[in-house]
Amino acid sequence: MKASTVQELIIAAILAFLAALWPLVVDIYWLGIGVDVMMYVALATSWVLFSGPTHYISLATAAFFGIGGFLVGSGMSDYEASFWSMAALSACVGAVLAALIGLATLRLSGVYFVIFTLGLAEMIRNLVSWIQNNFLGSRGLYVFTDFTDKHLYWMLLGVAVAVYLLGWIISRSRLGFALRIIGGDETVARHVGIDTAKVKVILFTTTGFFAALVGAIIAPRWSYIEPNQVFSPQLSFFVVIMALLGGAGRLWGPVVGVIPFLLIWNWVDTNFPNQSILVLGIAFLVIVYFLPHGVVGRLEQLRIWSRTLK
């Protein structure tokens with residue numbers, strides 16, 4: 001194992017350890033911010049697992065996240081199931097749904113894939129709302145547990161660490177090599193014998209699994225689960241913006257994007273609630289025109305430029 005690889009793992013382990021101490025040293029307000037940050041770190045990192053190397057922009061995160069939250073709410077409210085069993089079921093259902101969607105749609109590319117994934121999330125949201133209104137007799141579901149924000153934070157941190165480790169392993173495997181070739185030129189990948197559809201489905205399934213698991217974990221924090229809440233399209237856009245802002249080319253890039261964007265968003269949403277959508281638009285413009293490779297990509301360009309001056 002290369003020295004740089006060992007160094008990367010050591011740095012990641014130290015950061016994870018320091019992050020685990022956060023609930024022990026902050027007040028309730030900053031703990032809540034920490035839960036939000038860790039939720040989006042887990043979601044954005046799992047998004048980068050698939051979209052980073054393939055360059056496929058998926059807006060389906062809200063669909064898988066919502067499935068996780070809705071199944072936990074439904075199982076605990078209507079069938080008195082335990083949280084842990086419903087969380088496990090949610091992750092599995094998210095993975096199966098992602099696999100089915102991948103098999104049906106990953107032959108699409110470019111803007112067609114983006115539009116389809118956004119439409120898919122909206123279709124699932126409206127379908128769940130229709131089932132709620134016509135068959136379940138209530139608009140929302142209740143989730144009551146003994147978990148505090150500290151517990152939820154540590155669970156989300158565990159998911160984020162698991163996603164990072166999985167991504168680290170994949171990036172150094174034949175699967176990761178195949179993904180990088182697909183991202184460079186999918187036609188070339190097919191010509192050299194790579195089963196591009198199979199590779200993409202495997203990674204897309206992984207993102208669905210983790211997004212649904214995050215949705216299941218966050219459900220107790222909201223207590224009341226309503227389809228328009230857990231299937232919010234805003235969540236999908238947030239994940240994409242945060243990942244691209246930090247840099248989708250590196251597995252740890254989303255961390256760089258999540259923290260500043262979420263802090264700015266909370267400040268704007270609190271002080272200028274009517275301008276919150278404007279912030280999303282500006283964020284897209286800044287990324288496209290000034291940070292096409294994210295903050296991490298810009299820092300790497302500066303490092304290369306500084307070396308040429310020596």
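Hi everyone! Let me start with one term: when I say two residues are in contact, I mean that they have heavy atoms within 4.5 Å. Please also keep in mind that this is a predicted model.

With that in hand, let's look at two helices, H4, residues 61-78, and H12, residues 233-246. Which residues of H4 and H12 meet? On the H4 side we have Thr-61, Ala-62 and Phe-65, and their partners in H12 are Leu-235, Ser-236 and Val-239. Sorted by class, this contact has four nonpolar residues and two polar ones, with no charged residues.

Now, how do the helices cross? Their axes come within 7 Å, at an angle of roughly 120 degrees. Angles of 65 to 115 degrees count as roughly perpendicular, and over 145 as roughly antiparallel. H4 and H12 are therefore oblique to each other. The crossing of H4 and H12 is right-handed.

Next, let's move to the inside of the protein. How many cavities of 30 Å³ or more are there? The count comes to one, and the largest cavity has a volume of about 90 Å³. It is lined by 13 residues, and those closest to its centre are Trp-47, Ser-58, Thr-61, Phe-64 and Thr-207.

By class, the lining has seven nonpolar residues, six polar and no charged ones.

Terms used. Residues are numbered from 1 along each chain as its sequence is written. This is a predicted model: local features need pLDDT of at least 70, side-chain atom pairs count only at pLDDT 80 or more; totals for chains, interfaces and linings use all residues. Side-chain values use heavy atoms; hydrogens and water are left out. Axes are lines fitted to C-alpha atoms, for helices over the stretch in contact, and angles run from 0 to 180 degrees between N-to-C directions. Helices (H or I, at least four residues) and strands (E, at least two) are DSSP runs, numbered from the N terminus. Angles under 35 degrees count as roughly parallel, over 145 as roughly antiparallel, 65 to 115 as roughly perpendicular and the rest as oblique. A crossing is left-handed if the near helix is turned anticlockwise from the far one by less than a right angle, and right-handed if clockwise. Ala, Val, Leu, Ile, Met, Phe, Trp, Tyr, Cys and Pro count as nonpolar, Asp, Glu, Lys and Arg as charged, and the others, Gly among them, as polar. On a 1 Å grid over the protein atoms alone, a cavity is a set of points where a 1.4 Å probe fits but cannot get out, and a pocket is an open set with protein on both sides within 12 Å along at least five of seven lines; lining residues have an atom within 4 Å of a point. Grid points are joined across faces, edges and corners, and a volume is the space filled by probe spheres set on the points.
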